[in-house]
Number of protein chains: 4
Amino acid sequence: MKKKQYEELYEPLELELVAMARWAKATGARICVLFEGRDTAGKGGAIRAVGGPLNPRQCRTVALAAPTEAEKTQWYFQRYVRHLPSAGEIVLFDRSWYNRAGVEQVMGFATQPQVDAFLKQAPVFERMLVDDGILLFKYWLTTDQAQQEERLRERLDDPLKRWKLSPIDLAARGKYDDYSHAREEMLKATHTEHAPWTLVDFNDQKLGRLTLLRDLLDRMPDTAVQPEELSFPPLDHPPHAEEYGVLKPIKDYPVE
Amino acid sequence: MKKKQYEELYEPLELELVAMARWAKATGARICVLFEGRDTAGKGGAIRAVGGPLNPRQCRTVALAAPTEAEKTQWYFQRYVRHLPSAGEIVLFDRSWYNRAGVEQVMGFATQPQVDAFLKQAPVFERMLVDDGILLFKYWLTTDQAQQEERLRERLDDPLKRWKLSPIDLAARGKYDDYSHAREEMLKATHTEHAPWTLVDFNDQKLGRLTLLRDLLDRMPDTAVQPEELSFPPLDHPPHAEEYGVLKPIKDYPVE
Amino acid sequence: MKKKQYEELYEPLELELVAMARWAKATGARICVLFEGRDTAGKGGAIRAVGGPLNPRQCRTVALAAPTEAEKTQWYFQRYVRHLPSAGEIVLFDRSWYNRAGVEQVMGFATQPQVDAFLKQAPVFERMLVDDGILLFKYWLTTDQAQQEERLRERLDDPLKRWKLSPIDLAARGKYDDYSHAREEMLKATHTEHAPWTLVDFNDQKLGRLTLLRDLLDRMPDTAVQPEELSFPPLDHPPHAEEYGVLKPIKDYPVE
Amino acid sequence: MKKKQYEELYEPLELELVAMARWAKATGARICVLFEGRDTAGKGGAIRAVGGPLNPRQCRTVALAAPTEAEKTQWYFQRYVRHLPSAGEIVLFDRSWYNRAGVEQVMGFATQPQVDAFLKQAPVFERMLVDDGILLFKYWLTTDQAQQEERLRERLDDPLKRWKLSPIDLAARGKYDDYSHAREEMLKATHTEHAPWTLVDFNDQKLGRLTLLRDLLDRMPDTAVQPEELSFPPLDHPPHAEEYGVLKPIKDYPVE
């Protein structure tokens, strides 16, 4: 999809997102969205598509670093729990507790009993959140290996995207099928009525974002809340210009 | 400035930002950037210009909510200290400890003795961070009232920007000069050799972003670090396509 | 029970506690003990009996203050989860998540649906912790109203204990039966095979402490771990005395 | 000093401590006490003497574990700042930021530039806290090497105290003079008018505790605040006894 077409289609969704956030704030709704999927699938872009138009004091992205030594010994969900939303908050998880059933499983960072325990606990854990009233959405972004290869190559070649590429990503290239397998096991165990998964085809990332957004917005309850009335009388004086005492602005960036 | 021109000028800066982040990671540098300025000046956009191209696991934005009752009674800097960068991190403060000398001062949320105490402590506090090796940058974004009025009006009228407008913002409209005055007092007390302020003219926000970025990058030490070599051998099989068992992707967003 | 007899009986238990802590450290066991019960039952004393002989870097007491406004809107267990033990830690909860089914229920700080939701979630939550390998012990300290009255009166009269008495405690006096009723409902819902309750009679607090300790220690797995060998050669010089330069010790407390 | 004499002398101080805590709560005073000194000097016992009679929801002991890898790269004071008191709180630091000038210095865990930087920053940091109104008390507990040897030997032999002994403690035995030297350097740099040190002779630990307590209480402002009046009418029915439905108390500890 071309950028221009994407932007035209995105704009009305942006309005709906803003309305959703206003609704969450007015009603105290707590929204929690998990973004999972293959490397290069487009999680970062999808997260920006959701959170970009929103107030950063209301909508947080959670992208946890590797656990500390102490965290590794704690109840697995403990370090995620602290980031769950308070009233009115929208929390976007850039990867989530499902790490354990994905990269940790495939790359051997977790043992099979740990993975099994996770797959047993995840639906129970999520059930508690959902029963508590948290609106939980779980998206898994899919992409064919041909696309993945192309994007990895692009990350390697494009200095702007080079940081997205780690030796682990390259080691994971050869494990496309292992990831598929791990995903299917994960879906079997955790695609539940109370917390279903949604797969979105991200072979075209722009189209994928629109698809995800449309789905997310469609699944929200009626979020119509009027913005509060604000009165905006004219100033009673001509507008002032900045005046500088201690310090002046630095020279503008030179533009011919 | 037109969007297209901005994008052309921004692109090379993006590359430098990415290089800076690679350098910070390699050397363990800690970078801390404060964004202050008038309502509507363009702090959010400037923060996205800096952080947008970077790894969200390395570059965090800190946008604190109002303090809790307990926090209000603590040492003023306490709730900010916990967000200071660890090795390799870049932290962008969307408003900062300078709240006390700006909005809190002007809108009467802080007493004069509290403001005075803050103005006395801030340079001492910052001196400790800088002596500890943290790279601290303090930007204040300026804008004339005519621009501010136009942007407030736009926030009122544009549903996408409506959330940026609070009754406090409107109450602050009439206090343009009070903000100017508070800023000058703040600069007098806290524009120090070890932690100088930089004023950037944001009457044209796109130009302002370029100016800020150029300044930030110019003030970094030599940040040239080569990305690590990665080998990218061809796959030894044709690329696989996704295959779905438990669940299929949802229908794409309808595009004619 | 007389103090002297208590001390004699407590001493061997102290040794077992210390052995238990050494075992937890060596094996990475995580121990979590909840202390619940009526006001004045003796939770504080029981906690000191368990934690007193242990390393405060290993054994923490968690006594949470009232939740903040934001915490009140979160998943109920969220603020407790952050205090769960890491490997080798012993955490003593001075009141716990069961507040909701006790004081909050009886004093009307929680709604009936909130209490019902809690009673449904608590066993599930605890099941996750226990399945994860956390050793969870839940003690409820009982006391007759005659004892409670005597102790409340003592708190009122003894300036050393006066801080233990709040207006809420006095308001709760008249609700002895409501507390009994709430406890029974709580036991019905949360006395499970995986996380059973233990009631201990604290009409005699010293005896109650011994009973609780004996039970706790008996339920631990075999905790025999030898302390590491340390060599303690004689000093190769006569022991030195303190010498003071900058500052001397203050004058001793005057004892005739 | 004999236990009995100690207890008699301690009792009136306990009353003053309780009064001090009531005053702190009523006025919002923030009290911060640092306990430093040689291994075996008696920090733990001194802390229990101060905090023992107080409400654990008001008086916290902070005994930090070793820093994580990330914490090691942060501003040195960062991990301590989060534990500073809120209004009405009393915080007892079992070792403190002075670790850097003591054990870290002597045992080589910190470099000389790190120690120098610390000695330069500590008085500035403390000045900020004191100017903010925090009541800061710094105690260093002294003990001759003969006492220290005796206590180390006792820790080795007494199974109840064995956990207090680590290989580092034994390695530190031979460095009594290095500790003396490090202390003197530390005092030179950080014994300031706004945050003076107090040395207390703990060759007799019970006497040392009394001396420390007397000093602490004498340095507090007038802390007389009446406890609130509470009415304690007689019950309008005979006191109830516990009645058990779901579960009965376990058998008492057997006492002949």
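Leaving aside its neighbours within four places in sequence, with which residues is B:R22 in contact? In this predicted model, the contacts of B:R22 are B:V225, B:Q226 and B:P227. B:R22 lies in helix α1 of chain B, which spans residues 3-27. Its relative accessibility is 26%, so B:R22 counts as partly exposed.

**Relation of the two chains**

Chain B is superposed on chain A by a rotation of 180° with 0.0 Å of shift along the axis, at an RMSD of 0.0 Å. The two copies are therefore related as by a two-fold rotation axis. Of the interface residues of chain B, 99% are also interface residues in chain A, so the copies meet through the same surface.

**The interface of chain B and chain A**

| Quantity | Value |
|---|---|
| Residues from chain B | 82 residues |
| Residues from chain A | 82 residues |
| Buried area | about 7,100 Å² |
| Salt bridges | six salt bridges |
| Polar contacts | 36 residue pairs, both at pLDDT 80 or more |

Carbon and sulfur atoms give 62% of the buried area. A salt bridge joins A:E242 to B:R38, with the closest N and O atoms 2.8 Å apart. Elements of chain B that each supply at least two residues to the side touching chain A include α1, β4 (135-142), α7 (145-157) and α9 (176-190). The largest share of that side, eight residues, comes from α1(B). By residue class, the side of chain B that touches chain A comprises 43 nonpolar, twelve polar and 27 charged residues.

Technical notes. Residues are numbered from 1 along each chain as its sequence is written. Chains are lettered from A and ligands numbered from 1 in the order in which they are written. This is a predicted model: local features need pLDDT of at least 70, side-chain atom pairs count only at pLDDT 80 or more; totals for chains, interfaces and linings use all residues. Side-chain values use heavy atoms; hydrogens and water are left out. Helices (H or I, at least four residues) and strands (E, at least two) are DSSP runs, numbered from the N terminus. Buried means under 20% relative accessible area, exposed over 50%, partly exposed in between (1.4 Å probe, protein chains only). Contact means heavy atoms within 4.5 Å. Copies are superposed by least squares on the C-alpha atoms of residues with pLDDT of at least 70 in both. Buried area is the accessible area (1.4 Å probe) that two parts lose on being put together, summed over both. A salt bridge is a side-chain nitrogen of Lys or Arg within 4 Å of a carboxyl oxygen of Asp or Glu. A polar contact is a pair of N or O atoms within 3.5 Å; within protein, one must be able to donate a hydrogen and the other to accept it, and residues adjacent in sequence count only if both atoms are side-chain atoms. Ala, Val, Leu, Ile, Met, Phe, Trp, Tyr, Cys and Pro count as nonpolar, Asp, Glu, Lys and Arg as charged, and the others, Gly among them, as polar.
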